[in-house]
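Have a look at the model first.

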Amino acid sequence: MDNPGPSDSQLVIRLKQGDEDALASLFQRYGRIVYAVALRVLGESTAAEDISQEIFMQLWRKPQLFDSQRGSLSAWLAVVTRHRSIDQLRKRRPQCDIEDVQLFCDARLDEHVFRSAVMEKVRTILSHLPQEQRTALEMAFFDGLTHVEIAEKTSQPLGTIKTRIRTAILAVRGALSEAGNK
């Protein structure tokens, strides 16, 4: 099995210590994702490259802005990139008359609305879980930690962590099932 290298958390800690190799590792790991998000929003490769560079420079200068308790580094980078790209779009001057603009509606709009509704239900369900279950579930699914890593990090027995995660998953499934039957 290949060694995946240091975790994102370890690399961010090294970033805070001024380790340039950590930044290079994170760029290698997430540079394509950041560029793809920027390109999708901006529609220009040069502008997307500029935004990508800005995002990684921001990460270098202020690594403390990333909070691993709130989610994964890849998701955080994608959100920050999207926001920065939208800000860039707002700064642009219109390149055509408003009469020439054609609006298109995504044919899968109903899928997006459904997915957003489900995500909102899941957030609500998670907020009502006992803290221990929610924390274990978030560490597993959002931080990507294994059960063993969660047990070590929380100083809890492995069986307890497994039970908490399983119970939380069952609670989420049950609540979603109930919501779907309403």
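How many aromatic pairs does the structure hold? It holds two.

## About the model

This is a predicted model, where local features need pLDDT of at least 70, side-chain atom pairs count only at pLDDT 80 or more, and totals for chains, interfaces and linings use all residues. Residues are numbered from 1 along each chain as its sequence is written, and side-chain values use heavy atoms, with hydrogens and water left out.

## A ring pair

(Rings of Phe, Tyr and Trp, the last by its six-membered ring, pair if their centres lie within 6.5 Å; planes over 60 degrees apart are edge-to-face.) The pair ties together distant parts of the chain, 29 residues apart: F27 sits in helix α2 (residues 20–42) and F56 in helix α3 (residues 45–61). Helices here are DSSP runs (H or I, at least four residues), numbered from the N terminus.

F56 counts as buried because its relative accessibility is 5%, while F27, at 45%, counts as partly exposed. Buried is under 20% relative accessible area, exposed over 50%, and partly exposed in between (1.4 Å probe, protein chains only).

S155 isn't a glycine, yet its phi is positive, about 55 degrees. Most residues other than glycine have a negative phi. You'll find S155 in the loop between α7 (147–154) and α8 (158–181), and it's exposed, with a relative accessible area of 64%.

How values were computed:
Rings of Phe, Tyr and Trp (its six-membered ring) pair if their centres lie within 6.5 Å; planes under 30 degrees apart count as stacked, over 60 as edge-to-face and the rest as tilted. Helices (H or I, at least four residues) and strands (E, at least two) are DSSP runs, numbered from the N terminus.
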